[in-house]
Amino acid sequence: MPSALEIESVAARSLGATLRSHGFDAEHLDELVEVPRGTRAAGGIALLAHRCEGAGALGTLARLFALSLPVSVDAATAALHPHAVGDLVAAGLLEVRDAQVYATIQIQGFGPYLFASDRAAWYGEPEFVLQFTRSAHRIASAAMFPSSGRVLDLCCGAGMLGVIAADLGAQVVATDLNPRTTMFTRLNAALNGVSIDARIGDGFAAVEGERFDLIVANPPFIISPDTNRMFLTARQPVDGFCRSIAAAAEAHLTESGVCQFLAPWPVVEDEDPEERVRAWFNGFDGDVWVMEHERMDALQYAASFLDGRPEHQDDFGEWIAYYRAHRIEAIVHGLVTMQRSSPTRVRAYTTEPVEHDTPFRDHLASVFAARRRVAVEGRDWLLDAVLVPGEAVSVVYEAPLTPGARERIEVRKGSGIHYRVESDPAVAEFLGACDGQRSLRDIATLMADSRRVPVESMLDGLVAVAEESLYTGVLRAAQPFRAS
Ligand SMILES: C[S@@+](CC[C@H](N)C(=O)[O-])C[C@H]1O[C@@H](n2cnc3c(N)ncnc32)[C@H](O)[C@@H]1O
């Protein structure tokens, strides 16, 4: 692994511009070096290397930084101009062996960003710095990045979440236990034209006494006995590290600050997993939404992490023994969103794996705002609320196939966090009447008149439907809720 990356931030910024000028970005890299489905790894790389051959400077850069393959000195010199190969060797980004140039790091594209990290070949090393993974993508999609204020990228790795936050306007501090992460965080900040205050520290140790508008973390969340690799499993047993993030967050959040992190929790024999997670937030003065997105049997879980990693095949028995010792039957991965806001203390837990757009942060933000509003003002406030359907909401009527059977009605939401639920004619009528003009009380009056029943008999039911619909995003306030 490169021991030091010593590139000046001005030079790194300019390197980012050089790479982009040749089309080295997410869009072109996806086309050029995405392994086609069904292609075995080794054959896949040969195919991609072949594709790069005819792709000029972009092909050279993709071989070097995306595929970790060598290129000739001449090709590297041409593709990296005006950066001299010798300068990049001195900075620790390249190596020259047998007249071939090798990159010591890998660089990938994500949206408008370029992200440097350790080469995949170093995966087994304890201080390996991870690339932008599926989990990073998930938390990046959910994170409610503010357009100003302070953001903490906790357990920052290569600082990629911090780069996004800084690019969107925040002042960013990024911290990690692994000292190698600071050089990657600084490099990534420079490659993307932003600045980040990168620090080393265990948990919140490097930000003692500081508060943030958003704390975002993709922590080492794999439940395993392998605490050797810092990016994988934390040193605290089972879910202890994530529990400690939940416990410490409040002291580092501004008054309505948000903390979001990916977390695991075990399904332990004779224990309710939901209760276990709820207990993490017992002392937290604010709202919490825990959203489960994956649940795996313990054996399958171990296999899925150790598969395809021949150097770790022997670890399987150790992982299984660890689960037995802790009576762990299955493992859940989820997303935690906490928001400080004293009086409400909403606790929500979604056990259905959710389907969602990327990003879905706006949906999360609007659900938090709605929950807070209802909790602060009371449900009766909803009687005067003027509501409209959320984005991409439809009510679908399916005619019965057999004579005499009832029509089937389904309410669907196809954007943000997706949602689908069977409904009934009264709910469908109510949703249809939420036109942004009439209050819930007016709608209830109209519906009661048409049914010739007292309006009071409808109010509770409609308030409950409105409340649930605000939380799923099927309805939203005609006027946006205030931020707090
Ligand atoms: C799964 S990686 C994610 C890195 C990065 N946030 C990302 O999304 O790519 C977890 C990171 O947590 C760091 N880490 C592990 N234990 C830690 C601790 N006790 N305090 C702070 N960081 C820690 C690891 O070094 C690693 O960089």
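Modeller: What follows takes the terms one at a time and sets each value against its definition.

Modeller: This is a predicted model, in which local features need pLDDT of at least 70 and side-chain atom pairs count only at pLDDT 80 or more, while totals for chains, interfaces and linings use all residues. Residues are numbered from 1 along each chain as its sequence is written.

Colleague: How many helices and strands does the protein have, and what counts as a helix or a strand?

Modeller: The protein has 17 helices and 18 strands, where helices (H or I, at least four residues) and strands (E, at least two) are DSSP runs numbered from the N terminus. Along the principal axes, the C-alpha atoms fill a box of roughly 90 × 50 × 50 Å.

Colleague: Why is α4 called roughly perpendicular to α5?

Modeller: The axes of α4 (residues 56-66) and α5 (residues 73-80) come within 9 Å and cross at roughly 110°. Axes are lines fitted to C-alpha atoms, for helices over the stretch in contact, and angles run from 0 to 180 degrees between N-to-C directions. Angles under 35 degrees count as roughly parallel, over 145 as roughly antiparallel, 65 to 115 as roughly perpendicular and the rest as oblique, so α4 is roughly perpendicular to α5.

Colleague: Which residues make that contact, and how do they divide by class?

Modeller: A57, T60, L61 and L64 of α4 meet A75, A76, A78 and A79 of α5, a contact being two C-beta atoms, placed from the backbone, that lie within 7 Å. These residues divide into seven nonpolar, one polar and no charged; Ala, Val, Leu, Ile, Met, Phe, Trp, Tyr, Cys and Pro count as nonpolar, Asp, Glu, Lys and Arg as charged, and the others, Gly among them, as polar.

Colleague: What makes α16 and α17 oblique to each other?

Modeller: Helix α16 (residues 440-451) and helix α17 (residues 456-472) pack at an angle of about 130°, with their axes 10 Å apart, and the pair is therefore oblique. L440, A444, M447 and A448 in α16 meet S457, M458, L459, L462, V463 and A466 in α17. By class, that contact has nine nonpolar, one polar and no charged residues.

Colleague: Why is V238 called buried and A99 exposed?

Modeller: A residue is buried if 20 or more other C-beta atoms lie within 10 Å of its own, exposed if 12 or fewer, and partly exposed in between. V238 has 21 such atoms and is therefore buried, whereas A99 has 9 and is therefore exposed. Buried residues make up 40% of the 484 residues in the protein.

Colleague: How many residues surround the ligand, and which are the closest?

Modeller: There are 20 residues around the ligand, the closest being A136, C155, G157, N178 and N218; a residue is counted if its C-beta atom, placed from the backbone, lies within 6 Å of the molecule. This shell divides into 13 nonpolar, five polar and two charged residues.
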